[in-house]
Amino acid sequence: RIVYDSRDNFLFPTKGTFQQLSAQFSEPWLGAQNLFHRYNFDSRFYVPLIKTDKSFRAWVVFKTRMQVG
């Protein structure tokens, strides 16, 4: 799993990005009965629309998310 996280706050992000790429494999030589490869990509973007005077705060935050896999 590869992760890039530039969000300003883990619980309540107001700006930044989060990207994660992961892969799962099931191979017979590893002892599995089924063969599969699974790849997932998760990308999130946070943009503050209305800011406040306090750090790590915003009244309105635009968030978009894309998942593939």
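## Strand pairing

Two strands count as paired when DSSP finds at least two bridges between them. In this predicted model, that criterion gives an open sheet of 4 strands in the order 1-2-3-4, with antiparallel pairing. Strand 1 and strand 4 each have a single partner strand and stand at the edges, so one side of each is left without a neighbour in the sheet. On average, and with direction ignored, neighbouring strands of this sheet are turned by 10 degrees against each other.

Strand 1 covers residues 2-5 and strand 2 covers residues 16-26; the two run antiparallel and are joined by 4 bridges. Strand 2 and strand 3 also run antiparallel, with 11 bridges between them. Strands of a sheet pair through backbone hydrogen bonds, either parallel or antiparallel.

## Bridge partners

Individual residue pairs show how the strands are set against each other. Val3 has Gln20 of strand 2 as its bridge partner. Gln20 in turn has a bridge partner in strand 3, namely Asp42. Thr17 is paired with Phe45 of strand 3.

## Salt bridges

A search of the whole structure finds 3 salt bridges. Side chains of opposite charge can pair when their charged atoms come close. One of the salt bridges is between Arg7 and Asp5, at 2.8 Å from N to O. Arg7 has a relative accessible area of 14%, which is under the 20% limit, so Arg7 is buried. Asp5, at 37%, lies between the 20% and 50% limits and therefore counts as partly exposed.

Asp42 forms a salt bridge with Arg44, with the closest N and O atoms 2.9 Å apart. Asp42 is buried, with a relative accessible area of 8%. Arg44 also counts as buried, at 17% relative accessibility. Arg65 is partly exposed, with a relative accessible area of 43%. Through shared partners, salt bridges join Asp42, Arg44 and Arg65 into one network.

## Nonpolar surface patch

Val47, Leu49, Ile50, Trp59, Val60 and Phe62 make a nonpolar surface patch of about 640 Å². Strand 3 (36-51) and strand 4 (58-68) are the elements that give two or more residues to this patch.

Val60 is one of the patch residues and is found in strand 4. Its relative accessibility is 34%, so Val60 counts as partly exposed.

Notes:
Residues are numbered from 1 along each chain as its sequence is written. This is a predicted model: local features need pLDDT of at least 70, side-chain atom pairs count only at pLDDT 80 or more; totals for chains, interfaces and linings use all residues. Side-chain values use heavy atoms; hydrogens and water are left out. Patches are made of residues with over 30% relative accessible area and no salt bridge: like charges are joined within 9 Å, nonpolar side chains (Val, Leu, Ile, Met, Phe, Trp, Tyr) within 5 Å. Accessible areas come from the Shrake-Rupley method with a 1.4 Å probe; for residues, only the protein chains shown count as cover. A salt bridge is a side-chain nitrogen of Lys or Arg within 4 Å of a carboxyl oxygen of Asp or Glu. Buried means under 20% relative accessible area, exposed over 50%, partly exposed in between (1.4 Å probe, protein chains only). Axes are lines fitted to C-alpha atoms, for helices over the stretch in contact, and angles run from 0 to 180 degrees between N-to-C directions.
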